[in-house]
Structure formats: C-alpha cells, structure tokens
Amino acid sequence: MRDWAKARRERTHHLIELGGLVQKAGLVDLTDDDRATLLGAFLDIAGQLREGRTTASGDLKTRWRRAGLHAFDRDREHDRTTGRCDHN
C-alpha cells in the first residue's frame, strides 16, 4: 500500500473515532444533531483553553480527562459483566 493511502486511512480512522466520542458523550442527541451548535461548543472549549494558559485551563483539562477515563472504565466494566460491546 502506498504511503499516502496508508496515511489517509489512518486519518479517516482517527476522525471516525473522534466522531464516536461526540456520540458517546450524548452531544448528538442533546443538540438534535445541530452541527453549528456542536462546532460553536468546540470553538468555545478551544477558546477557554487558548485564553487560559494558566492553572485554570490545566484544571479544566485534568477534570475533563478524569471524567473521560471514568466513562471509558464504565464501558469496559459493562463489557466485562455483560460480555457485550455495544458502544462506540
């Protein structure tokens, strides 16, 4: 396989995973799949991180990461106890 094709496949896989995170967080349903609202929310988050290159932005990222890790752990525990994998 050519390098550009491999890179494109990897990028596509990465983007699909990111979309899965948006779905997993419930944002698609909560925004009625309004992509302008989703983009606005992401721009707001990026602005908060960009503007707050202080302890506050680090605290936000730490809090968000902790919440995400807990969600992944819940999914793994659910998979382990049910023997299923019905999440993205």
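The lining of the largest pocket is made up of twelve nonpolar residues, two charged residues and one polar residue. The structure is a predicted model, and every value given here is computed from it. The volume of this largest pocket comes to about 590 Å³. Among the 15 residues that line the pocket, L21, V22, A25, W64 and G68 are the closest to its centre.

Three helices each contribute at least two residues to the lining of the largest pocket: helix 1 (3-24), helix 3 (35-51) and helix 4 (55-82). Helix 4 provides the largest share, with seven residues.

At the start of helix 3, the backbone nitrogen of A36 has a side-chain oxygen of D34 within 3.0 Å.

Turning to charged pairs, the model has four salt bridges. One of these joins K24 and D75, whose closest N and O atoms are 2.5 Å apart. Because K24 belongs to helix 1 and D75 to helix 4, this pair ties together parts that are 51 residues apart in sequence. The two partners fall into separate accessibility classes: K24, at 29% relative accessibility, counts as partly exposed, whereas D75 has a relative accessible area of 18% and is therefore buried, the cut-off for that class being under 20%.

In one of them, R76 pairs with D73, and the closest N and O atoms are 2.4 Å apart. R76 and D73 are three residues apart in helix 4, so about one helical turn separates them. R76 is exposed, with a relative accessible area of 51%, while the corresponding value for D73 is 40%, which makes D73 partly exposed.

The other pair consists of R80 and E77, with 2.6 Å between the closest N and O atoms. Here too the spacing in helix 4 is three residues, so R80 and E77 are separated by about one helical turn. R80 counts as exposed at 61% relative accessibility, and E77 is partly exposed, with a relative accessible area of 37%.

Technical notes:
Residues are numbered from 1 along each chain as its sequence is written. This is a predicted model: local features need pLDDT of at least 70, side-chain atom pairs count only at pLDDT 80 or more; totals for chains, interfaces and linings use all residues. Side-chain values use heavy atoms; hydrogens and water are left out. On a 1 Å grid over the protein atoms alone, a cavity is a set of points where a 1.4 Å probe fits but cannot get out, and a pocket is an open set with protein on both sides within 12 Å along at least five of seven lines; lining residues have an atom within 4 Å of a point. Grid points are joined across faces, edges and corners, and a volume is the space filled by probe spheres set on the points. Helices (H or I, at least four residues) and strands (E, at least two) are DSSP runs, numbered from the N terminus. Ala, Val, Leu, Ile, Met, Phe, Trp, Tyr, Cys and Pro count as nonpolar, Asp, Glu, Lys and Arg as charged, and the others, Gly among them, as polar. A polar contact is a pair of N or O atoms within 3.5 Å; within protein, one must be able to donate a hydrogen and the other to accept it, and residues adjacent in sequence count only if both atoms are side-chain atoms. A salt bridge is a side-chain nitrogen of Lys or Arg within 4 Å of a carboxyl oxygen of Asp or Glu. Buried means under 20% relative accessible area, exposed over 50%, partly exposed in between (1.4 Å probe, protein chains only).
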